[in-house]
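Thank you for making time this morning.

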Amino acid sequence: MSLNKFSELFVDLDSSKSTNNKIEVLKKYFLSNRPIDNSWTIYLLTGKSNKRFVSGRYLRDLFSEVYDYPQWLIDTCYLKVGDSAEVITLLLKNKNASQTKKIHKISLNELLSKILPELSKLNEEEKKLRIKKAWETLPAENHLTFNKILTGTFRVGVSVGLITKSIAKLINIDEEVISHRLMGDFKPSINAYEFLVNRNINLEELNSKPFPFLLANTFEDKIFKDSINDFQFEWKYDGIRIQVIKRSGNLSLWTRGQELVNKSFPELVEKMSNINDDFVLDGELLVWNFKDQVAMDFSFMQKRINRKSPTKSIQKKYPIIFIAYDLLELNGIDKREIKLENRRIELEKYFSKWQNKTENNISDIFKICDLIYPKDWADALSYKKKSRENNTEGLIIKKKSSIYTSGRKKGIWWKYKVDPMQLDAVLIYAKGGSGRRAGLYTDYSFALWKDKELIKFASAYSGLTNIEIKELDKWIRNNTIDKFGPVRSLKPEMVFEISFEKIQISKRHKSGIAVRFPRITKWRKDKKINDADSLDNAYKLMREIS
Amino acid sequence: MRTKEENLIKYKDGNLYCELADIWIDPSKPVKRALITHAHFDHFTFGCEEYLSTKETAILIKKRVGDNVNIKPFDYGEEFKVNGINISFHPSGHILGSSQIRFIFAGEKWLITGDYKLQKDETCKKYEIVKTDYLISECTFGLPIFKWDKTKNIAIDISNWITNSPDKTSLLFCYSLGKAQRLLNEISKTNFEGNIYTHGSIHKMNDCYRQLGICIKDTIKIENKKKIDQLKGNLILLPPSLSKGSYLKNFKNIQTAFASGWMSIRALRNRSGYDKGFAISDHADWDGILEVVKKSEAKNVFFHHGDSEALSKYLSEKESINVLFFEK
């Protein structure tokens, strides 16, 4: 198979908005290509751990150097297109129009298993020559796929879910099985593909893999109609969702993003390995304040995630805890088909056994989540409001009679999040977006009043509808005071309601505060800039919650 | 009298204007006298006392808005005088009747390109190279990322797009004047054998083209909604204004596409809401603009209709062309 087929697939997937069409396209593709190329295709499309061989910046600079093209011109084009790989592809159309070199076809496998890995081993000059040669000898239809693979930016609106569905249809097998087979690492090989499309289900095949996670839906009012006794209530912690898996004595920590994070949390691996039973537990990993028995802010967790092998002092400074809320497997027996209320009973039973019988004390790093028992829905609401006090995001509501399925199935788990904090702020800067927002001003900065000055306090880019984005883009172009590179400073005139989850002191920002997950929730056309909030109001919010 | 420093053509209230002749070019509001480069509605506005255009443009405008407009038609190349200034229309290759406008005064030549393209298009006259001292060029696609494929290849892509989905009705959206006729002309040269239906607005323009001696493939006017089941595997051309709203509910099992130069950028394609985009344009691409600047032999160049920053900088730095900016 040549790379052409894959490039065609890319075009086909890109030329349809219908999920069913995409599934058909993928099915046909898988049927007509070699397992090894299919394997690489799945690797690329699911985007699990696509390696970036060179950066977008590098690619742009290289083009400039090779073709003696002004860098500022490439950068201007980039602002319009929003993707380095695509900009270079479009510019190559101009350069290779009179292509004279012999066209050289390669396969997807050749590209990914040979050409690109070799690239990393070459010195700078040779590396540049190789890329240049590829540009000159690959058929033009392959330039975009080549550049995108090179820069590790392969996104085609194909989710893991879509791949799962296509393969399930291809071999006529339950989606859940494929979904499970796709969990964890995917190392492209003939075997990996054949394992995926094997019609026979071998129970042990999935030993090293986590279960597909069950995800919570946003709360809906209609459950008020049901009895409160049908539900289990838990705090919604703001940490990392993980499955702790111990099978045949080996312990692994899998995140919801399907990353194995054993190395980042060695103390948890060590302690939980001491438990005598095998198990799969679903829960939340947090940095914990042991003195007050509350979760620490997510920013502390960030200090742990990105560190492979943390030192003892880091472990001490940011102590972690795993709070389990579900038992999915015990000593090789899958518990997911059992009702939640019964899974909970087993979880509690085994937890107390482990606490008493495990050699080293495990309770300083592992506990099970406390349940909350609101009397009625009004009471549940008051619990939700309390959640800021214990640094949680709200409540998780789970149907007691539910089984553990995969994905965001309706009617099983709900997240009942505490109302966001809000401030009305003035739009002062805008920056061009990238990717699908290229060519539009979609990254905004907002300010609050301090005396008579507007001080930037947050940046946000989500929350507006496409129509609003276009309207605002037009306004931005007509109300620019100044330009610095891609950033425009704007006439202070537009007021927006900004919602966010957390507010804390920050020395890095001029405003002295930092907010988490800021987003636009309303375009306040009814407000003038003098109606916008002041920084003092932001400080007040901070005091209210601390 | 005009002082030497003052330009013959300038920018006034967002429009090109020649003060000496008291004449506007494609004005966006009613004025006494207007030169019209072509019959697209973003270049024509109601309420001017007098319009001047090519014969074809005059006919197309009347067909679109009725006879109640005072248009003086001219042949391509025919010179006429307004306040001592020689003015003439020259083919710009954008659509049928489209023109560049040349002004000559006191031995000084000015050329306004209007919208133009250099690519092949059998439904209108080819762009004519006109030598000038001052050039005012459009630059809608003034970035090097814009490089048009051969029209023939796009037509083949369109034909394949339809025939590869035989169970679907293919809706191709395009401007009803110019683009639609060009597409019909090109598609008729491919292997596509299905029926082509057109919306009333396109049908009307097709007739007009035929009257003016342009050969346009026969199409079926789409009006009867009952026919819908027979439409699969066939092509329907529709104006972009119908792509949003309830009109599409008349069809079942469709695939949609938009034919426009902007469709060469993936982000714009995805954002457009159409399934597919065909990058075919009636404007010049980057190379086209550079070629016109060069061949016009203009010493001084202005740009309008587009983001001209990059183009201006490139021409000044790389080609040592004197790029000027209008005072606004």
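Let me begin with a question: which residues point one way from strand 12 of chain B, and which the other way? Before I answer, please bear in mind that this is a predicted model. B:Thr169, B:Leu171 and B:Phe173 point to one side of strand 12 of chain B, while B:Ser170 and B:Leu172 point to the other, and all of them are buried. In a regular strand the side chains alternate between the two faces of the sheet. Strand 12 of chain B covers residues 169-173, and because 5 of its 5 residues are buried, the strand is largely enclosed by the rest of the structure.

As for its neighbours, strand 12 of chain B pairs in the parallel sense with strand 16 of chain B, residues 254-259, over 5 bridges, and there B:Leu171 has B:Thr256 as its bridge partner. It also pairs with strand 15 of chain B, residues 235-238, again in the parallel sense and over 4 bridges, with B:Phe173 standing opposite B:Leu238.

I turn now to another part of chain B, where 6 strands form an open sheet with mixed pairing, in the order 1-2-3-4-5-6. Strand 1 (9-12) and strand 6 (71-74) of chain B stand at the edges, and each has a single partner strand, so one side of each is left without a neighbour in the sheet. On average, and with direction ignored, neighbouring strands of this sheet are turned by 30 degrees against each other. Within the sheet, strand 3 (residues 23-25) and strand 4 (residues 33-35) of chain B run parallel and are joined by 2 bridges, and B:Trp24 stands opposite B:Ala34 of strand 4 of chain B. Helix 1 of chain B, residues 55-65, packs on this sheet and touches strand 5 (50-54) and strand 6 of chain B, its direction making about 120 degrees with that of strand 5 of chain B.

Where the two chains touch, 16 residues of chain B are in contact with 21 residues of chain A. On the side of chain B that touches chain A, helix 5 (266-272) and helix 7 (309-319) of chain B each supply at least two residues, and the largest share, 5 residues, comes from helix 5 of chain B. By class, that side of chain B has 8 nonpolar, 2 polar and 6 charged residues.

Finally, chain A as a whole, which has 19 helices and 21 strands. How does its radius of gyration fit its length of 546 residues? A compact globule with 546 residues would have a value near 24 Å, and chain A has 26 Å, which agrees. The C-alpha trace of chain A spans about 75 × 70 × 50 Å along its principal axes, and 34% of its residues count as buried. Among contacts in chain A between residues at least 6 apart in sequence, 72% join residues at least 24 apart.

Conventions: Residues are numbered from 1 along each chain as its sequence is written. Chains are lettered from A and ligands numbered from 1 in the order in which they are written. This is a predicted model: local features need pLDDT of at least 70, side-chain atom pairs count only at pLDDT 80 or more; totals for chains, interfaces and linings use all residues. The radius of gyration is taken over C-alpha atoms; the globule rule is 2.2 Å times the number of residues to the power 0.38. A residue is buried if 20 or more other C-beta atoms lie within 10 Å of its own, exposed if 12 or fewer, and partly exposed in between; C-beta atoms are placed from the backbone. Two residues are in contact if their C-beta atoms, placed from the backbone, lie within 7 Å. Two strands pair if DSSP finds at least two bridges between them. Axes are lines fitted to C-alpha atoms, for helices over the stretch in contact, and angles run from 0 to 180 degrees between N-to-C directions. Ala, Val, Leu, Ile, Met, Phe, Trp, Tyr, Cys and Pro count as nonpolar, Asp, Glu, Lys and Arg as charged, and the others, Gly among them, as polar.
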